[in-house]
Amino acid sequence: MAVPKKKTSNAKRDQRKATWKRKANLQAQRALSLGKSILTGRAKGFVYPTEEEDSEEE
């Protein structure tokens with residue numbers, strides 16, 4: 001026969017939510033930083049086509 005599980009405490013629930021939000025915030029900061037470095041032309045770890053390379057292929 002099925003037995004109901006115990007209720008998760010508010011502290012555990014809040015802790016899980018805080019961890020999830022912290023990870024999402026970190027990824028958002030990294031994405032913003034990468035976007036800024038691409039716009040300034042200082043990106044080292046991101047490969048993307050430039051207009052100069054596109055014109056050489058044609």
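View 1. A salt bridge here is a side-chain nitrogen of Lys or Arg within 4 Å of a carboxyl oxygen of Asp or Glu. Side chains of opposite charge can pair when their charged atoms come close. How many salt bridges does the structure hold? The count is one.

**View 2. Helix α1 from end to end.** Follow α1 through residues 10–40, and you will pass 31 residues. From first C-alpha to last, α1 reaches 45 Å, close to the 45 Å expected at 1.5 Å a residue (the expected span is 1.5 Å times one less than the number of residues). Next comes Gly-41, with a positive phi near 80°. The protein has two helices and zero strands; these are DSSP runs numbered from the N terminus, with helices being H or I of at least four residues and strands being E of at least two.

View 3. A polar atom of the Ser-37 side chain lies 2.8 Å from the backbone oxygen of Leu-34. An α-helix has 3.6 residues a turn, so residues three or four places apart point the same way. Leaving aside neighbours within four places in sequence, Ser-37 is in contact with Arg-42 and Ala-43 (contact means heavy atoms within 4.5 Å).

**View 4. Lys-44 in the loop.** Lys-44 sits between α1 and α2, the helix of residues 51–57. Lys-44 is exposed because its relative accessible area is 80%.

**View 5. The whole protein surface.** Of the 58 residues, 2% count as buried. The accessible surface comes to about 6200 Å², and 55% of that belongs to carbon and sulfur atoms (Shrake-Rupley method, 1.4 Å probe; for residues, only the protein chains shown count as cover).

**Notes on the views.** Residues are numbered from 1 along each chain as its sequence is written, and side-chain values use heavy atoms, leaving out hydrogens and water. In this predicted model, local features need pLDDT of at least 70 and side-chain atom pairs count only at pLDDT 80 or more, while totals for chains, interfaces and linings use all residues.

Note on methods
Buried means under 20% relative accessible area, exposed over 50%, partly exposed in between (1.4 Å probe, protein chains only). A polar contact is a pair of N or O atoms within 3.5 Å; within protein, one must be able to donate a hydrogen and the other to accept it, and residues adjacent in sequence count only if both atoms are side-chain atoms.
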